[in-house]
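This briefing walks through one structure, topic by topic. Keep the sequence and the 3D view open while reading.

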Amino acid sequence: MKKVERFLKEKGINVGDSIKITTKEGIEYKGLVMPPYELSEGETLTLKLDNGYNIGILVDNIIDVAVVKRAKPKESREFKKALPKKPNLPNVTILGTGGTIASKIDYETGAVYPAFTAEELALAVPEIFEIANITPKMIMNIFSEDMKPEYWVKIAHEVAKALNEGEDGVIIGHGTDTMGYTAAALSFMLRDLGKPVILVGAQRSSDRPSSDAAMNLICSVRMATADFGEVAVVMHGETGDTYCLAHRGTKVRKMHTSRRDAFRSINDIPIAKIWSDGRIEFLRDDYRRRTNSEVWVDDKVEEKVALVKTFPGMHSEIIDFFVDKGYKGIVIEGTGLGHTPTHLIPSIERAVQEGVAVCMTSQCIYGRINMNVYSTGRKLLKAGVIPCEDMLPETAYVKLVWVLGHTQNLEEVRKMMLTNYAGEITPYTRFDTYLR
Amino acid sequence: MGLNYKELGLKVGLEIHRQLDTKKLFSPVPSELHEEVDFTFQRRLRPTMSELGEIDQAALEEFKKGKTYVYEGNYKFSDLVYMDEEPPHMPDEEALRVALQIAYLLNATPVDEVHFMRKIVIDGSNVSGFQRTAIIAMNGKVDTPWGSVGIPTICLEEDAARIIEREDGKVIYRIDRLGIPLVEIATTPDIHHPEQAKVVAKYIGDALRATRKVKRGLGTIRQDLNVSIKGGARIEIKGVQELDMIPIIIEREVLRQLNLLKIRDELKKRGANEEELKEEFYDVTDIFENTQSKIIARAIKKGGKVLALKLPKFRGLIGYEIQPGRRLGTEMADRAKKYVKGIFHIDELPNYGITQEEVNAVIERLGLGEQDAFVLVAAEEEIAKKALGEVLQRAKEALYGVPEETRRALPDGNTQYMRPLPGKARMYPETDIPPILVTEEMKEEILANLPELPQAKVERYVKEFKIDKSLAKTLVDDERDELFEELIEMGVKPSLAASILVVVLKGLKKEVPIENITDGHIKEAFKLYLDNKIAKEAFEEIFKELALHPEKSAFQVAEEKGLTLLSPEEVEKIIDEIIQQNIDVIKATGMRAMGMIMGRAMAKLRGKADGKLVSQLVRKKIQELSS
């Protein structure tokens, strides 16, 4: 137990109580007791003063403390009211996975809570209810960095269920760190998809007035009600609140740690621009339109797949490790056109011989693999490495997880890896796809 | 003014903001303003919901109107943090240190742990929609001859972006100022005399300057006053620039409140009440069809209307002076300013081209009694209605005395309506910055190196540099002390540095805008002097020109004005010429010709040669000739 927790317990003080403290310096402080800061050492008591500011006081400096007023049990309002459906509007389900789409702040204590019920969303982002009947549904509550293939499967089934029950589109609220992976996974798993499946998140927290969350959500609802039938990520297109971009689920990557426009289409152009005034401007015509087909989930996956980045000085034992541990597939993020240090080649050969699928992508991120140009590439090809064209390393990883769920025959795997299922491979690269 | 402030129950509190001369608070971007704009971006700010589902209604309405904020940035002086595209870095250590120094200088106690908060600000001036702010220290005080004044809090916070332009539905800000650290010092409302407020502000200002880490110049210091008297209301006055104006502004605010109370009493006596103040606007456009009033004629021509508002029992009171040159009518006009340029009220008419006949016609149309007044607005109908609505609101408030509001300080010491008093701050913790423990080591280190307070500095100057006490005091008061010490370091004699900085510059103040003269200019001029390129007589002329043309360099001015010193050889040549022209006199009178020759030489060489050198040369030459 942290020192401050012990102190509060000894004195019979609860978080939320209004107290008066006297310190060694003889100064008196009055305020509300706040919960200790998550990662603090616990040496200080956090007090919220009347003027709204928090300050920390070292427990060791407190010589006297008295409770002024006990915390009232909080009357938290229930936000469960269902909203009436408007018959003329399309229906959109929003699946929550753990990211925060909207927040509410307790200005008394400064605590920030997620807002996710229909009623709360209607209060926070009323615009979306003018576009569609919105049904929010929380399906899991995890950090996006804790996502894993079994959750992709779960999300895919929830999406299919909603769409097959008649929803016109599904939006998935998702933390941004691994949103690209989930988008790719859904792209492969949702077969015969004929309706929009939109992943959305926020780069700047939704409790701040400048958050990108609301506009991203509004644009997502627009895209989810459009004449469109694919998986896409909808996020800010630039730093300003002018338009969002819809990116194809297999071609999108988070390219910045914090900027609003972190998500970029790689080796491809985005599908559409969604302007803040509601206009959707499609940027290409080779996208799937809305159909009435029934979607089904091809959910077979193999989780023993690794994504490995090569680097100068890398030891081949790293490859050996995965083979020894029984991995079924390795996606290599090689250098340049698709190379590894040459001394890795024997280990890679051995991996293939033992039935491990080894795929090559590039850590350049932009551009296409070509392993015919240099001898190392040719040797790797000869060793049985599958060159993954212009696929993103992350997409290739997700795809291999999915492909190995279907077959572990290396020839079959190669065929499937090189088959374009969801726009993950472009046959040729347009000039205007680089660093925009 | 012979007011008894104690009897009036005068209460004044100060809030002083001063920029620190460090990097920005949460990112090491240089904290400088710039004129070049490299890029712009456009954002909207959405009000955040409280846990009870409440959203600030006013803010939501603003948001729904689609107000956008355009931010101007410069690649060098802005960064992702201040575009709200990156989480904040840890606070600038120097800023934190300076804030703690200031705390100690103001007898305050640092908090054990600093917690940065987010204070919601939705007008766009903070890109994120909130200002980061933290209490650094509490419980300070300033002693004055009228008694001690408390300083409950000393905060360290981020300055806001500066507004460049306001357009329809759009505000343009420049983000260079955003994030510059500000120290905010608030006092308790224990100031009971206008002069006491100045003393407190001066003391705080001295402490801030003592750190040598505060920014100087226009806009780097903002002093707000909270003023109230018994029966009046708390008025927040923003934007007080000069120390000397503080007592005047307070006096005038007291005067304003007293007069508004008088108006209230008179209205009460006349039996005025809120029910009679009806939101009824009379269309009197026809009365002004052939008016001589250009403003009204122009409005009508543009398809506008002339609307009249009836203010029963207000006759004579709208024109009642409440501050020198300002009337209740001025306060009404300030409120209406949101919609129209101005209003006309009965107490000022006939005037502005409006005739007595027109006034009479309006009185008749509205059926006004002897004590009743009217206000006119000429504009597009909807706008005119809104403007008169504001006037009506202000009239209603007059029934109750002094309305609480935030006012803007005007250059003459009067104040003008700015906006309603802000509501309670909405704050929540800045979770991106962990709490910062103020360690014993930090405190000890700061206490051991506390800067010199101005009074001590004056005494040191007198002792160490042997300069006159009043000179020393002026140097410190005028914030020339840092420059003064720098000049001494350069090798300038203290007495010369002091007299040029104080006497010469002060003398020029009446003639030219001396605030244009930078420290750089001054140092350059002294460098020229030390290098024997100019005489000390040249300073005045050079500074005068620099004040008018700050883009020039001191050297450039010296050259242009022919103030550069001649080399000893050139001086000698000129003296030789003069000697030759007067050789007969010299030969005849010897050293008695010295005065005459010196006079002629100086007439040619003043400001171009050191007088001592001239006199030496002249003496030598005469001696040579007459021996």
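In this predicted model, helix H18 (residues 568–581) of chain B and helix H20 (residues 594–605) of chain B have axes that come within 10 Å and cross at roughly 135°. H18(B) is therefore oblique to H20(B), since only angles over 145 degrees count as roughly antiparallel.

- The crossing of H18(B) past H20(B) is right-handed.
- On the H18(B) side, the residues in contact are Val571(B), Ile574(B), Ile575(B), Ile578(B) and Ile579(B).
- Their counterparts in H20(B) are Ile597(B), Arg600(B), Ala601(B), Lys604(B) and Leu605(B).
- Sorted by class, this contact between H18(B) and H20(B) holds eight nonpolar and two charged residues, with no polar ones.
- Two packed helices are described by the angle between their axes and by the distance between those axes.

**Domains of chain B**
- Chain B is divided into domain 1 (5–234), domain 2 (269–400), domain 3 (454–560) and domain 4 (568–626).
- The centres of domain 2 and domain 4 of chain B, taken over C-alpha atoms, are 79 Å apart.

**Where chain B touches chain A**
- In chain B, 42 residues are in contact with 42 residues of chain A.
- Five strands of chain B each supply at least two residues to the side that touches chain A: E2 (39–43), E3 (49–50), E7 (117–120), E8 (130–144) and E23 (427–429).
- E8(B) gives the largest share of that side, four residues.
- By class, the side of chain B that touches chain A has 23 nonpolar, nine polar and 10 charged residues.

- Which strands make up the open sheet, and in what order? The three strands run in the order E8(A)-E7(A)-E3(B), and their pairing is mixed.
- Strand E8 (111–115) of chain A and E3 of chain B are the edge strands, each pairing on one side only.
- Strand E7 (residues 102–106) of chain A is joined to E3(B) by two bridges, and these strands run parallel.
- E7(A) pairs with E8(A) in the antiparallel sense, over five bridges.
- Lys104(A) has a bridge partner in each neighbouring strand: Met49(B) in E3(B), and Tyr113(A) in E8(A).
- Strands of a sheet pair through backbone hydrogen bonds, either parallel or antiparallel.

Terms used: Residues are numbered from 1 along each chain as its sequence is written. Chains are lettered from A and ligands numbered from 1 in the order in which they are written. This is a predicted model: local features need pLDDT of at least 70, side-chain atom pairs count only at pLDDT 80 or more; totals for chains, interfaces and linings use all residues. Axes are lines fitted to C-alpha atoms, for helices over the stretch in contact, and angles run from 0 to 180 degrees between N-to-C directions. Angles under 35 degrees count as roughly parallel, over 145 as roughly antiparallel, 65 to 115 as roughly perpendicular and the rest as oblique. A crossing is left-handed if the near helix is turned anticlockwise from the far one by less than a right angle, and right-handed if clockwise. Two residues are in contact if their C-beta atoms, placed from the backbone, lie within 7 Å. Ala, Val, Leu, Ile, Met, Phe, Trp, Tyr, Cys and Pro count as nonpolar, Asp, Glu, Lys and Arg as charged, and the others, Gly among them, as polar. Two strands pair if DSSP finds at least two bridges between them. Domain bounds come from an automatic or database domain assignment.
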